[in-house]
Amino acid sequence: MLVICPHCKKKHTIDEKKIPPNATKARCTSCGQSFALNIKRPVEEKKQKPVKKGETVTRKIGVSLSKGGVGKSTTAINLSAGLALAGYKVLLVDTDTQGQDSFMLGVKPKAGLTELVTGELSLKECLTKARSNLWLLAGGKALAGVKRMIDRKDYGGEMTVSEALEPVDKIFDFVIVDTSPGWDPLTVNVLFYVHELMIPVALEIMSLQGLSEFLRSISSIQKYRPELDLKYILPTFEDKRVKKTSRILNKIGKIYGERLCVPIRYNVRLSEAPAYGKTIYEYAPGCNGAQDYRELVRKVANDPKLLS
């Protein structure tokens, strides 16, 4: 690398590998003056240890983006169902007033997140068993009242969902939280609860703009909650017949590196499955969509042999 002394303008060629990682200053061999040494080092990704079934530490993953139509619910459901198929105990939490997750899984919950937050019912009474190893804490229109309840709190409103979900810790291997489009009190609550973020990004220009705006909002949350980790960027609706898709994917890859997941290819089966109340593994287990979500499950669990 090339370093220029700000005092005498002498140019020095230095082997960056020989610079100590904690070095902040350098001395010019020509004029003898010291100056600040600013080196932009690549950020090392934290490697996720393989998750063992039955571990007492619950991994909390939020599937979120303020823009709609990017495949958040499809991703949350098929990620949760895939982890459950792999033998993990999984809780899917729906924080959307539309309550689509229960419809997409073909179940009719009698209670859900609203009743848990308000304390009307116990955790056991609020959970709906959707599949083997997979439980649902349903959303729905009643969550509008929860938003108002959060807004009325003088302080600590952002911790409302975290406090309600405390009993969940150490029961499940994974808690996957599906958020609504937009930026509302419940979305903020989710970001104060989860430890990891997965952001589905449709491979189109408007989705990239939504990602940029969302990341600015995430940065404001991380000032108060630095442990919130942007872990996964998941490209969705990949269609190789469209030229711009590859360009956008390459651009995202250059920015986010190892955070980038294998893209979810455009597949009509993914849009058909919810109408039958089935996951993609049940509706069309051999299609591209099922293959891609299996790959996502392997990445999240850090186990390349899962669902093979």
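Is R225 buried or exposed? R225 is buried, because its relative accessible area is 7%, a value that falls under the 20% cut-off used for that class.

## Overall picture

This is a predicted model, and its protein chain contains twelve helices and eleven strands. Taken along the principal axes, the C-alpha atoms of the protein chain fill a box of roughly 80 × 50 × 40 Å, and of the 308 residues in the chain, 50% are buried.

## Salt bridges

Across the whole structure, a search finds eleven salt bridges. One of them joins the side chains of R59 and E196, with an N to O distance of 2.7 Å. This pair links distant parts of the chain, since R59 lies in strand β5 (residues 59–63) and E196 in strand β10 (residues 196–202), 137 residues apart. Both R59 and E196 are buried.

R225 also takes part in a salt bridge, its partner being E227, and the closest N and O atoms of the two are 3.5 Å apart. Whereas R225 is buried at a relative accessible area of 7%, E227 counts as partly exposed because its relative accessibility is 46%. In a further salt bridge, E272 is paired with R269, and here the closest N and O atoms are 2.9 Å apart. E272 and R269 stand three residues apart in helix α10 (residues 268–272), so about one helical turn separates them. E272 counts as partly exposed, with 25% relative accessibility, and R269 is likewise partly exposed, with a relative accessible area of 38%.

## Helices α8 and α9

Two packed helices are described by the angle between their axes together with the distance between those axes. For α8 and α9, the axes come within 11 Å and cross at roughly 20 degrees. Because angles under 35 degrees count as roughly parallel, α8 and α9 are roughly parallel to each other. The crossing of these two helices, α8 and α9, is right-handed.

The loop between α8 (205–222) and β11 holds Y224, which counts as exposed because its relative accessibility is 68%. Y224 and F192 are 32 residues apart in sequence, while their C-alpha atoms are 9.0 Å apart in space.

F237 is found in the loop between β11 (229–236) and α9 (243–256). With a relative accessible area of 39%, F237 is partly exposed. Together with Y266 and V268, F237 makes a nonpolar surface patch of about 280 Å².

How values were computed: Residues are numbered from 1 along each chain as its sequence is written. This is a predicted model: local features need pLDDT of at least 70, side-chain atom pairs count only at pLDDT 80 or more; totals for chains, interfaces and linings use all residues. Side-chain values use heavy atoms; hydrogens and water are left out. Patches are made of residues with over 30% relative accessible area and no salt bridge: like charges are joined within 9 Å, nonpolar side chains (Val, Leu, Ile, Met, Phe, Trp, Tyr) within 5 Å. Accessible areas come from the Shrake-Rupley method with a 1.4 Å probe; for residues, only the protein chains shown count as cover. A salt bridge is a side-chain nitrogen of Lys or Arg within 4 Å of a carboxyl oxygen of Asp or Glu. Helices (H or I, at least four residues) and strands (E, at least two) are DSSP runs, numbered from the N terminus. Buried means under 20% relative accessible area, exposed over 50%, partly exposed in between (1.4 Å probe, protein chains only). Axes are lines fitted to C-alpha atoms, for helices over the stretch in contact, and angles run from 0 to 180 degrees between N-to-C directions. Angles under 35 degrees count as roughly parallel, over 145 as roughly antiparallel, 65 to 115 as roughly perpendicular and the rest as oblique. A crossing is left-handed if the near helix is turned anticlockwise from the far one by less than a right angle, and right-handed if clockwise.
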